[in-house]
Amino acid sequence: MPSLSALHTFGLDASAQTVSRVDTVSTLFALAQQQFPNLILGEGSNTIFTEDYTGVIWQNCLSGITFSEDADCHYISAASGENWHALVCRCVDLNIGGFENLALIPGTVGAAPIQNIGAYGVEVSKFITEIEYFDLKDKSLKIICTEDCQFGYRESIFKHQLRDVAFITKVMFRLPKQYEYVVNYGELAALKLPSIESIFQTVIKIRENKLPDPRNVGNAGSFFKNPIVPINIFTRLQNEYEDIPHYLVSNTHVKIPAAWLIERLGFKGQIHEGIQCHPQQALVLTNYASGTGRALIDFAKQIKAAVFKRFGIALEHEVQLMGQTERIKL
Ligand code: FAD
Ligand code: EPU
């Protein structure tokens, strides 16, 4: 039974029945004949194996990137197994702007559309034109355009109708040559001369200061999503907690940082059976001292219950928690 601990950044001790590398699209035709439960895996930076997985892991190793351009835009077609940050670095080196706010997000290009990765005011969906995927039911290659992907905050069709049905093989991007830098988020606003390079470097610095490096301590980034609540619920909370941070996401809804709710309850820095609520960023849980899947789930449930009890907000986990045969919910 191959170990999965090096195949997911949280690093819990778990194994799978088989791990099959997907190096070419034709491998997918052969794998799709199998009857076992299977899971598509990129770099495992948003997936946590909480126990041994009884199915087959399809490890995405598809590679290859092509660049082209016309007078107005750069176009990139990237195989889904390519590393996301490496693609961002190549664009910055080529002075192609757009991805710089999304520097240092771990994982593959193919997983980026799944939860529509976002950071520092930018979401990847802004640049995606089309996605090629292998339909595991029909056993054929298909293309979906961005308008049909149902992108939202940490959301896409790949988490719903196309979950475990679509193996994303290629992502097509368009990056306009004329665009405005996005520098309204936190420390970026202080940049005197924003440029692709300065935004890229600043984002890296912020992230290195705040987020734990999975090479040093196991983690999967933000454990929970930031809740989006109706304004009337937010106003009620604001009456009680004047300093509650928030961002207006529409005329009717407000996003509240889950890290603030969690820190306010005193969890920041706490350790529960080897799992820590990170001392620099309360939204990140870490595998601090050889924790177990059970301890992680217990701790996450405690946090979720405490947030609900105090603030009346039901946190949703952002990470994919894997059980023996399928994803589990808290
Ligand atoms: P995996 O964890 O391997 O897979 C994630 C999900 O996608 C699984 O359900 C898997 O089955 C599915 N999947 C993967 N590849 C494919 C494919 N080719 N076709 C179909 N389904 C597939 N995320 C952000 O949005 N913003 C951040 O700022 C951010 N910061 C992070 C910081 C740290 C330190 C860490 C560890 C994570 C962070 N994340 C962030 C989360 C993570 O980087 C992203 O979700 C990333 O896109 C996951 O890529 P992956 O290849 O590791 O996906
Ligand atoms: N805050 C606290 N305590 C903390 C940390 C943050 O109170 O320990 C409050 C502060 O008020 C701070 C606010 O939360 O101003 C926002 O914090 P931060 O800028 O660190 O961002 P976040 O909302 O916690 C989100 C994403 C991150 C992304 C950053 C930057 C989610 C679930 N997380 O975190 O994405 O990198 O914004 O854009 O939306 C991930 O998805 O894995 C991830 C790391």
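Predicted model: local features only at pLDDT ≥ 70, side-chain atom pairs only at ≥ 80, totals over all residues.

Colleague: How many residues surround ligand 1, and which are the closest?

Modeller: There are 35 around ligand 1. The closest are I40, G42, S45, T47 and T108. A residue counts as near if one of its heavy atoms lies within 4 Å of the molecule or strand.

Colleague: What does the side chain of T47 do there?

Modeller: An N or O atom in the T47 side chain is 2.7 Å from an oxygen atom of ligand 1. S45 also places a polar side-chain atom 2.7 Å from a ligand 1 oxygen. On the backbone side, a polar atom of I168 sits 2.8 Å from a nitrogen of ligand 1. A polar contact is a pair of N or O atoms within 3.5 Å; within protein, one must be able to donate a hydrogen and the other to accept it, and residues adjacent in sequence count only if both atoms are side-chain atoms.

Colleague: How much of ligand 1 does the protein bury?

Modeller: The protein buries 95% of the 980 Å² that ligand 1 exposes when taken alone. Such areas come from the Shrake-Rupley method with a 1.4 Å probe; for residues, only the protein chains shown count as cover.

Colleague: Which elements give two or more residues to that shell?

Modeller: β2 (38–41), β7 (118–119), β11 (166–176) and β12 (218–222). Strands are DSSP runs (E, at least two residues), numbered from the N terminus.

Colleague: New topic. Is N219 buried or exposed?

Modeller: N219 counts as buried because its relative accessibility is 4%. Buried means under 20% relative accessible area, exposed over 50%, partly exposed in between (1.4 Å probe, protein chains only). N219 is in strand β12.

Colleague: What does the side chain of N219 reach?

Modeller: It reaches the backbone nitrogen of G221 at 2.9 Å.

Colleague: What about phi of Y120?

Modeller: Phi of Y120 is near 50°, a positive value in a residue other than glycine. Most residues other than glycine have a negative phi. Y120 lies in the loop between β7 and β8 (122–123). At 8% relative accessibility, Y120 is buried.

Colleague: And where does K139 lie?

Modeller: K139 is in the loop between β9 (128–135) and β10 (140–145). K139 has a positive phi too, about 55°. With a relative accessible area of 29%, K139 is partly exposed.

Colleague: Last one: why is strand β4 largely enclosed?

Modeller: Seven of the eight residues of β4 (residues 53–60) are buried, so the rest of the structure largely encloses it. β1 (residues 16–22) runs parallel to β4, joined by six bridges. V22 stands opposite N60 there. β2 also pairs with β4 in the parallel sense, over four bridges. Strands pair if DSSP finds at least two bridges between them.

Terms used
Residues numbered from 1 in each chain as written. Chains lettered and ligands numbered in written order. Heavy atoms only, no water.
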